[in-house]
Amino acid sequence: MEQPTVYAADVAAPLPSAGPLPTRADLAIVGGGLTGLSAALHGARRGLRVVLCEAGELANGASGRNGGQLHPGQRRDQIYLKETLGADAAAALWALGEEAVALIHRLRTELNADCHWHPGLIEACHTEAHFDDAREYADYLDYTHDAPSQVLDKAALAQAIGTNRYVGGVRDPAGGHLNPFALAAALSLHAHLSGAHLHAPARVTSVGEDNTLKVATDEGERVVRTDAVLLAGNGYMRGLDPWLDARILPLVNHIIATAPLPEPVIPGGEAVSDTRAVIRYFRQDHLGRMIFGGGESFGRRPRDVAAFVRPYLREVYPQLADSPVDAAWSGTLGITAERLPIIRELRPGRYVAAGFSGQGVGLSVFAGKLIADAIAGDRSGVETFAQLKARPFPGGPRLQGTIARIAMAWFAVRDRLG
Ligand SMILES: Cc1cc2nc3c(=O)[nH]c(=O)nc-3n(C[C@H](O)[C@H](O)[C@H](O)COP(=O)(O)OP(=O)(O)OC[C@H]3O[C@@H](n4cnc5c(N)ncnc54)[C@H](O)[C@@H]3O)c2cc1C
């Protein structure tokens, strides 16, 4: 059972379509998060018969439970992409990252999504070495990609984010934050209005060689025959495609939302994420609540999420340690070994878009559109992403838990040692 978020209190939950699950589709989608809902909207707008199956409730996976921070670019930096893929592919990925952010803004307006967008994203560095890297990279992006940002020394950063726990940072005006559940709800409504059938609860239990889906519904097992299928279950999906299971690690991440604070702690209202491997990310929403993410786990969720996240909050904002809490919740994200998404056609007619590795608010929506574009004949975006490496995690799915726990412990120690 997923805990309620503050987002769900602000926005009406998206509703599934009425009527029986259609048995025939041009595009069948597994998963009703930002990826699946965007593919449904864009597929239906292209005239495809779209059927989306969601195992639980629409937008109640990572998409409705995340930190709401919109990061421009890819999850790995341009220097890494250039070194591993070459200058052309890196440039193409940068351009797609820009398109992803532009798409979010276009959809916010076009769909009238009540998602409280606020511009500005600050990277807060927890060591001098990370600050040196961040400064250098800011210069690099300004010079090579015409993407200016503002370097903040320790004092300026402390003033900007209301804590002196970091050594410096960089403010990116192109990033920002929003209510992701509101965006997903708007995508869902407009996918439905465009003719997509969104079915929930409907758990896909198998995808055949010919991409036929078996689906467990309240009315019993149903079969959906389709020309194309999109696997968009991300960190929540297991057992449908062994290739994918070996490459997506489900990690659980945790968030606390305080009650509205009497004074703004982040006067410019930016979103903040830090440079730790076990990342802390935070922002104040339109009501002044501090939405603070910290700590991760594999498999089980802590029974008391607020108690689990509070030490991370205390470390960054000692003055907020005892603030009253409006809600605390967990969500599962899909991580890849490269920390870059898997967006590609796995075999004829079987597409995947998953593994956004904690940076999916912009890219998941964009990936859903790219898959719809590919099915309609424009494959360029999907082919660019398909160049990214997708190595399996060592040990296979059976050992993923053990490896994840060792890695998390190691990263936590490394963060502490700086
Ligand atoms: C706590 C948390 C904080 C995050 N913060 C940020 C952030 O601040 N910025 C950012 O960019 N990214 C963030 N992310 C990542 C971001 O939320 C995800 O990358 C993005 O939402 C992925 O969307 P999705 O649609 O691919 O997956 P999801 O939203 O997880 O949706 C997958 C859906 O598939 C369904 N499903 C799974 N298996 C089946 C099946 N067999 N049959 C039918 N349905 C199935 C699930 O029920 C689920 O609803 C965060 C993630 C978490 C968990």
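**Chatting through a predicted fold**

Tutor: Let's start with contacts, and keep in mind that this is a predicted model. Taking contacts between residues at least 6 apart in sequence, 74% join residues at least 24 apart.

Student: Okay! And how many helices and strands does the protein have?

Tutor: There are twelve helices and 17 strands. The radius of gyration is 21 Å, close to the 22 Å that the globule rule gives for 418 residues, so the protein is as compact as a globular protein of that length.

Student: What box do the C-alpha atoms fill?

Tutor: Roughly 60 × 50 × 45 Å, taken along the principal axes.

Student: And what share of the residues count as buried?

Tutor: That is 52% of the 418 residues.

Student: Switching to helices: how do H3 and H4 pack?

Tutor: Two packed helices are described by the angle between their axes and the distance between the axes. For H3 (residues 78–85) and H4 (residues 87–110), the angle is about 140° and the axes are 7 Å apart. Angles over 145 degrees would count as roughly antiparallel, and the angle here makes H3 oblique to H4.

Student: Is the crossing left-handed or right-handed?

Tutor: The crossing of H3 and H4 is right-handed.

Student: Which residues make the contact?

Tutor: From H3, they are Gln-78, Leu-81, Lys-82 and Leu-85. H4 brings in Ala-87, Ala-89, Ala-90, Leu-93 and Trp-94.

Student: How do those divide into nonpolar, polar and charged?

Tutor: In the contact of H3 with H4, seven are nonpolar, one is polar and one is charged.

Key:
Residues numbered from 1 in each chain as written. Predicted model: local features only at pLDDT ≥ 70, side-chain atom pairs only at ≥ 80, totals over all residues. Axes fitted to C-alpha atoms, helices over the stretch in contact; angles between N-to-C directions. Helix = DSSP H or I, 4+ residues; strand = E, 2+ residues; numbered from the N terminus. Parallel < 35°, antiparallel > 145°, perpendicular 65-115°, else oblique. Left-handed = near helix turned anticlockwise from the far one by under 90°. Contact = placed C-beta atoms within 7 Å. Nonpolar A, V, L, I, M, F, W, Y, C, P; charged D, E, K, R; others polar. Rg over C-alpha atoms; globule rule 2.2 N^0.38 Å. Buried ≥ 20, exposed ≤ 12 C-beta atoms within 10 Å, placed from the backbone.
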